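User: I'd like to learn how to read salt bridges and helices in a model. Could you walk me through this one?

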Amino acid sequence: LRLLLRTILIAFLVFGAGVWLLSYRVLLPVKRVTHAASQVTGLDLSQRVPIPKANDEMRELSVTVNNMLDRLQESFETQRRFTADASHELRTPVTAIVGHANYLLRRTKPSEEQVDSLTVIRREAERMAKLVNDLLELARADAGFAIKREPMNIIEVVEAAHKAIAPVATGTNISLSMKEPLIEVSGDSSRLKQVILNLIQNAVNAGSKNVTVSVYLDKNKQDVNLEVLDDGPGMPAEALPHIFDRFYRVDGARSTRGNGSGLGLAIVKWIVQQHEGTVAVESKLGEGTVFTVVLPLLNPRQTEMGNFLAQTFAGVRQTVQSELKPSKENKDPKEQSKTVYR
């Protein structure tokens, strides 16, 4: 009886192993196709599924999937080339329209009605020029354009963005709040400046009266958080999942000035992703909006040492800046925007 039971057990084990091996060999091509298909994304359509040597249904399925991917890639490439070519061709006539409108306004004596019409033409041409530039930017992103990065101080980038936009953000007070005078990341300063300007401009377009840009380290001192907080009308919850989509614009109070193209936040997301970071948004109607960009620190230990050195000479820097400021009181609200280290 024991021999019979042992024989049955061994036979059962051998049978189970045989079934597992057979099912593994049968499902292996399916797993390969599934794994290869999972690598295909909207940013990379060059991946193809492996074609089995056996002339069976799996080979036919693999060939069909590859042919579908070929058609998708060709369609995406055609769309990308059209966007890039059309945007490039539009830059010249749009620039000419702006130039001629400025010439007529400055060098001739148009009537009041003509001034109004020329002003509208110039404003809309400038808006179209920005849209064309944004389309070119996204076309480069779709083509796999990579941003060149180098060590840089994100604090200086934020201050440069503030100086660029504060004088022209009429009716909006823009302030900075930064806990550290030096935070190093690996990035492109001009691109990160574009991120900050786009987020601030988004708040200005919404009609915000106050915008605060904050920069601080996370609890683990591994990442840097850059927040842009405004007191605007906010956005509905159903709009938040689509806010970074191309050409998406929030209806209602969030777009009071109506001069956005719907591409600024899409460009922000692409630039942040190129820096191995993330961007998120929180908003409630009537309570304002906050965009949070998270970027990895270049080297936490080096950054802490740099902060120590920067704080050592912070007094010298503030003394020099105070001596360079004009003595008379500045009544321009834009000039009253200030950087607060705390």
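User: Let's start with Asp134: does Asp134 count as buried or exposed?

Analyst: Ground rules before that: this is a predicted model, where local features need pLDDT of at least 70 and side-chain atom pairs count only at pLDDT 80 or more, while totals for chains, interfaces and linings use all residues. Residues are numbered from 1 along each chain as its sequence is written, and side-chain values use heavy atoms, with hydrogens and water left out. Buried means under 20% relative accessible area, exposed over 50%, and partly exposed in between (1.4 Å probe, protein chains only). At 8% relative accessibility, Asp134 is buried.

User: Which residue does Asp134 form a salt bridge with?

Analyst: The general idea is that side chains of opposite charge can pair when their charged atoms come close. The rule here asks for a side-chain nitrogen of Lys or Arg within 4 Å of a carboxyl oxygen of Asp or Glu. For Asp134 the partner is Lys130, with the closest N and O atoms 3.0 Å apart. Lys130 is partly exposed, at 41% relative accessible area. Helices are DSSP runs of H or I with at least four residues, strands are runs of E with at least two, and both are numbered from the N terminus.

User: How many salt bridges does that rule give?

Analyst: Five. One of them joins Glu137 and Arg191, whose closest N and O atoms are 1.7 Å apart. That pair links distant parts of the chain, with Glu137 in helix H3 and Arg191 in helix H5 (residues 189–205), 54 residues apart. Glu137 is buried at 9% relative accessibility, and Arg191 is buried at 14%.

User: What about Arg149: which residue is its salt-bridge partner?

Analyst: Glu276, with 3.2 Å between the closest N and O atoms. Here too, distant parts of the chain are linked: Arg149 lies in the loop between H3 and strand S1 (150–153), Glu276 in the loop between helix H6 (264–274) and strand S6 (278–284), 127 residues apart. Arg149 is partly exposed at 31% relative accessibility, whereas Glu276 is exposed at 59%.

User: And helix H4: how many residues does H4 have, and how far does H4 reach?

Analyst: To get an expected span, take 1.5 Å times one less than the number of residues. H4 (residues 154–165) has 12 residues and reaches 17 Å from its first C-alpha to its last, close to the expected 16 Å. Its buried residues include Ile154, Val158 and His162.
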